[in-house]
Amino acid sequence: PHPKKAKQIEVSYEIKNQGGDLLDKSNIKLQVINAQGKVVDSKVVDKTDAGTASFTIANAGKYQIKATADYNDQIRESNESNNSRTVSFSFGVKI
């Protein structure tokens with residue numbers, strides 16, 4: 001059998017400030033999570049609007065991308081429950 005090669009994926013994201021205060025800067029954690037719930041790659045970015053990040057995935061399968069704004073709770077907010085979003089995707093799997 002041939003050895004598997006890790007693949008790079010690029011993720012685009014956009015942060016929307018739903019509060020009335022100006023957002024100077026927020027730490028955003030982006031995670032790739034496999035079907036077993038294990039974080040296989042993670043990045044922290046300093047952004048307030050949008051950007052891209054590259055991740056390495058070693059195996060085909062089902063994954064999730066989880067983006068969490070203000071993941072370390074540095075910004076005081078009236079609603080802390082709307083800081084993350086998770087999107088599922090398949091990588092290298094024929095559907």
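This is a predicted model: local features need pLDDT of at least 70, side-chain atom pairs count only at pLDDT 80 or more; totals for chains, interfaces and linings use all residues.
Okay, let's start in the middle. The largest nonpolar core has 15 residues, and the ones that touch the most other members are Ile 9, Tyr 13, Ile 28, Leu 30, Val 32, Phe 55 and Ile 57. Who supplies this core? Two or more residues each come from strand S1 (7–14), strand S2 (26–34), strand S4 (50–57) and strand S5 (61–69).

Take Ile 9 as an example. Leaving aside anything up to four places away in sequence, Ile 9 is in touch with Ala 53, Ser 54, Phe 55, Ile 57, Ile 65, Phe 89 and Phe 91.

Now on to the charged residues. If you search the whole structure for salt bridges, you get one. Which side chains make it? Lys 43 and Asp 41, with 3.8 Å from N to O. As a general point, side chains of opposite charge can pair when their charged atoms come close. Now look at how the two partners sit. Lys 43 is partly exposed, because its relative accessibility is 30%, whereas Asp 41 comes out at 15%, so it counts as buried, the cut-off being under 20%.

Stay with Asp 41 for a moment. You'll find Asp 41 in strand S3, residues 39–47. Besides the salt bridge with Lys 43, the Asp 41 side chain reaches the backbone nitrogen of Thr 56 at 2.9 Å. Again skipping residues up to four places away in sequence, Asp 41 touches Leu 30, Gln 31, Val 32, Phe 55 and Thr 56.

Next, Asn 34, over in strand S2. Is Asn 34 buried or exposed? Buried, because its relative accessibility is 16%. A polar atom of the Asn 34 side chain lies 2.9 Å from the backbone nitrogen of Lys 38. Further along the chain, beyond four places in sequence, Asn 34 touches Val 40, Lys 62 and Tyr 63.

Last one: Asp 70. This residue is in the loop between S5 and strand S6 (84–91). Why point at Asp 70? Asp 70 has a positive phi, about 50°, and it isn't a glycine. For context, most residues other than glycine have a negative phi. Asp 70 is also buried, because its relative accessible area is 4%.

Note on methods
Residues are numbered from 1 along each chain as its sequence is written. Side-chain values use heavy atoms; hydrogens and water are left out. A nonpolar core is a set of buried Ala, Val, Leu, Ile, Met, Phe, Trp, Tyr and Cys residues joined through side-chain atoms within 4.5 Å. Buried means under 20% relative accessible area, exposed over 50%, partly exposed in between (1.4 Å probe, protein chains only). Helices (H or I, at least four residues) and strands (E, at least two) are DSSP runs, numbered from the N terminus. Contact means heavy atoms within 4.5 Å. A polar contact is a pair of N or O atoms within 3.5 Å; within protein, one must be able to donate a hydrogen and the other to accept it, and residues adjacent in sequence count only if both atoms are side-chain atoms. A salt bridge is a side-chain nitrogen of Lys or Arg within 4 Å of a carboxyl oxygen of Asp or Glu.
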